[in-house]
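This report concerns selected local features of one protein structure. Please consult the sequence and model shown here.

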Amino acid sequence: MSERLQKVLARAGIGSRRACEELIADGRVTVNGSVATLGTKVDPSVDEIEVDGSLVPVAEGLVHYLLNKPAGVVTTAVDPGGRPTVVELVPGVPRVFPVGRLDAETEGLLILTNDGALAHRLTHPSFGIEKEYVALVGGTPRPADVRALRRGVALDDGPTAPARVSVIGPATLRITIHEGRNRQVRRMCDAVGLPVQRLVRTRVGPISDRRLRPGDWRPLSPAEVQALAAAAAAPPPERPPPGNHRVRRPIR
């Protein structure tokens, strides 16, 4: 069923209907990649809507969960070996899938959702979503080790991109990357002679939660979902020529 675009945006929490009309008039809203106009109608179940390049989840029935994955749980829907899976730790209806992967022994924050469009952006390397980890390593990190990790290290599938790395305690590193290679942080630390003994993901994009206990989950708030979408924003659309649009106002 088609609905007026401003009504759909207002229902998604972008702002009042009047504020959403102003966003459309300012050329800040696109539908399936094309700049929308007042009077545009959309089908929330199929159309991809963006505000300033940020995807707006508008389809009915979308859920977004934040899970603190314990060690020993695999990031998949079904495990042939019978190990516990992350989808068993969250509600079974509607069916969700994990966004990205954590290996079985890595702990920490993982997003699960049935929002395929947002999940694609969060995992696609072109959007460069940051992931932050705390790693307990064997040995004492030297300044040279930290510099090497920051610059990027050579792995068997190519050099890593520069990372943000700091020493936050004895044999403990905070590492922030924006790639999504298999076991990347563990392999980076191995490459500089600092094998990981425990690894915990503490942040996904703008989302963190120190109060969430291992094995527990919670739904993301609408503001958190919007923050994730903004972190994975595409380049903003071209603005209408001067004189053909209103003065930009903030989203309310």
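The sections below treat the basis of the model, a sheet, a helix and a histidine.

## Basis

The model is predicted: local features need pLDDT of at least 70 and side-chain atom pairs count only at pLDDT 80 or more, whereas totals for chains, interfaces and linings use all residues. Residues are numbered from 1 along each chain as its sequence is written, and side-chain values use heavy atoms, with hydrogens and water left out.

## The four-stranded sheet

Helices (H or I, at least four residues) and strands (E, at least two) are DSSP runs, numbered from the N terminus. Four strands form an open sheet in the order β3-β2-β5-β6, with antiparallel pairing (a pair requires at least two DSSP bridges between the strands). Because β3 (34-35) and β6 (54-55) stand at the edges with a single partner strand each, one side of each has no neighbour in the sheet.

Strand β2 (residues 29-31) runs antiparallel to β3 and is joined to it by two bridges. Val31 is placed opposite Ser34 of β3.

## Helix α2

Helix α2 spans residues 17-25, and its buried residues include Ala19, Cys20, Glu22, Leu23 and Ile24 (buried: under 20% relative accessible area, 1.4 Å probe, protein chains only; exposed: over 50%; partly exposed: in between). Among the elements that cover them are α1 (5-11), β2 and β5 (49-51). Gly27 follows α2 and has a positive phi, near 75 degrees.

## His64

His64 belongs to strand β7 (residues 64-69) and is buried, with a relative accessible area of 10%. Beyond its neighbours within four places in sequence, the contacts of His64 (heavy atoms within 4.5 Å) include Pro57, Leu112, Asp115, Arg218 and Val225.
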